[in-house]
Amino acid sequence: MSEKPILIVGGGPAGLSAAHAVAASGRQAVIVEKADRLGGAPILQGYAKLVPSHEWAKDAIGGMVTRVQQNAKVTVHTGAQVQSFAGDPGSFVATLKDGTKIEADAAILATGFTHFDSLNKPEWGFGTYPDVVTTVQVEQMISSGKGIRCPSDGRVPDRVAILLCVGSRDRQIGREWCSKICCTVSANMAMEIRELSPKTNVYIYYMDIRTFGLYEGEFYWKSQEEARVKYIKARIAEVTSDGKRLVVKGEDTLVKRPITIPFDMVVHAIGMDPNVDNMTLGSVFGVNLNQYGYIGKAAAYTTTGQTSRPGVYVCGAASGPETIDDSIAQGQAAAIAALSRQGVGMAQAAE
Ligand SMILES: Cc1cc2nc3c(=O)[nH]c(=O)nc-3n(C[C@H](O)[C@H](O)[C@H](O)COP(=O)(O)OP(=O)(O)OC[C@H]3O[C@@H](n4cnc5c(N)ncnc54)[C@H](O)[C@@H]3O)c2cc1C
Ligand code: SF4
């Protein structure tokens with residue numbers, strides 16, 4: 001079997017995990033990352049403390065970045081993208097946009113997701129009112145150490161509403177999927193807001209709560225019982241302003257009555273869209289996308305990260321909404337699949 005490197009496209013949690021696993025097996029890994037630094041969404045977007053570990057993103061994912069950067073078996077190209085990808089398993093050649101050629105035994109697509117753009121949900125006030133923000137903006141407020149402030153005038157909000165499922169589970173705008181992690185992230189964020197600004201009241205508007213698995217007790221119940229976060233099961237109609245405060249209008253779906261509540265800040269818990277690059281990635285790497293626009297998987301159980309092209313694997317949020325720990329696990333699985341050329345065929349694997 002040849003000893004060419006494994007090409008890893010994308011240097012977020014999934015790609016970093018894949019690179020570490022490839023290098024730990026003794027093989028060379030080459031990461032091609034389009035941003036100017038590694039770390040993926042948690043680092044590039046400045047997330048605060050992660051769920052479920054409560055570790056700061058800059059420490060947890062920053063540690064994964066350092067581990068890879070210090071590994072002599074990993075070569076990193078930042079600010080780089082693959083322009084063409086030719087060949088067969090065991091003898092692929094990737095050409096970067098600057099002309100650099102990388103020979104590879106196999107490729108792993110760890111290209112992640114794109115945050116939902118709340119401008120696509122105009123009736124919920126983002127882009128119209130400065131105090132309507134996204135969970136990413138609140139993550140940045142917390143990680144910057146500046147605390148929770150209304151962008152319009154810098155005041156500490158008296159009342160904050162977090163609206164769940166913004167850009168997820170919404171057939172009207174072509175996004176049917178659940179983004180998996182935003183209920184837990186929002187419950188945690190509500191507790192962090194209460195801790196930073198004990199006088200701020202936090203309300204979470206929800207359709208259903210999906211703090212799956214062990215997250216139910218640690219985040220959903222704890223946020224209510226210890227941090228006094230209030231949950232409202234509602235269908236939201238619109239977010240407007242009365243000139244002084246934001247106004248969230250909707251229907252309380254438990255008592256089936258209209259509700260109108262004023263807030264100082266409204267937070268959109270945005271979902272995980274397919275990476276905007278996926279059409280290009282699909283065409284460059286010759287892999288199929290699934291019906292939602294994420295990179296498609298060819299097998300559910302035999303080789304979990306296999307794409308439609310033999311020798312090209314996918315992991316993490318590139319193939320659909322994923323948590324960080326699942327993305328990391330999938331990165332390791334993709335590394336094993338790539339190293340052993342799973343799905344390529346016995347004849348080639350034995351070469
Ligand atoms: C507001 C918010 C908070 C979250 N908080 C948590 C949390 O606390 N805990 C948790 O488990 N999950 C959380 N998540 C989910 C988390 O962001 C994802 O699970 C994780 O980022 C997925 O890792 P990834 O490596 O698959 O993708 P990404 O983090 O998206 O990384 C993909 C990398 O690929 C690069 N890339 C993209 N396209 C290309 C290309 N064409 N060529 C080269 N490189 C490319 C990107 O620049 C990026 O560096 C949160 C999500 C949101 C929206
Ligand atoms: S995890 Fe919660 S907020 Fe996110 S899409 Fe699913 S149900 Fe909605």
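I located Pro-52 in the loop between α2 (40-44) and α3 (57-69); helices (H or I, at least four residues) and strands (E, at least two) are DSSP runs numbered from the N terminus. I then looked up its link to Val-51 and found a cis peptide bond joining Val-51 and Pro-52, with omega about 0°.

I note that this is a predicted model, in which local features need pLDDT of at least 70, side-chain atom pairs count only at pLDDT 80 or more, and totals for chains, interfaces and linings use all residues. Residues are numbered from 1 along each chain as its sequence is written, chains are lettered from A and ligands numbered from 1 in the order in which they are written, and side-chain values use heavy atoms, with hydrogens and water left out.

I next listed the surroundings of ligand 2, taking a residue as near if one of its heavy atoms lies within 4 Å. The shell holds Leu-164, Cys-165, Ser-168, Arg-169, Cys-178, Ser-179, Lys-180, Ile-181, Cys-182, Cys-183 and Arg-210. I sorted these residues into six nonpolar, two polar and three charged; Ala, Val, Leu, Ile, Met, Phe, Trp, Tyr, Cys and Pro count as nonpolar, Asp, Glu, Lys and Arg as charged, and the others, Gly among them, as polar. β10 (159-166) and α5 (182-196) each supply at least two residues of the shell.

I turned to helix packing, where axes are lines fitted to C-alpha atoms over the stretch in contact, and angles run from 0 to 180 degrees between N-to-C directions. Angles under 35 degrees count as roughly parallel, over 145 as roughly antiparallel, 65 to 115 as roughly perpendicular and the rest as oblique.

I found α5 and α6 (residues 215-225) packed at about 45°, with their axes 9 Å apart; the two are therefore oblique to each other.

For α1 (residues 13-24) and α8 (residues 324-339), I recorded an angle of about 40° and axes 7 Å apart. That makes α1 oblique to α8.

Finally, I checked α4 (residues 135-143) against α5: the angle is about 40° and the axes are 11 Å apart.
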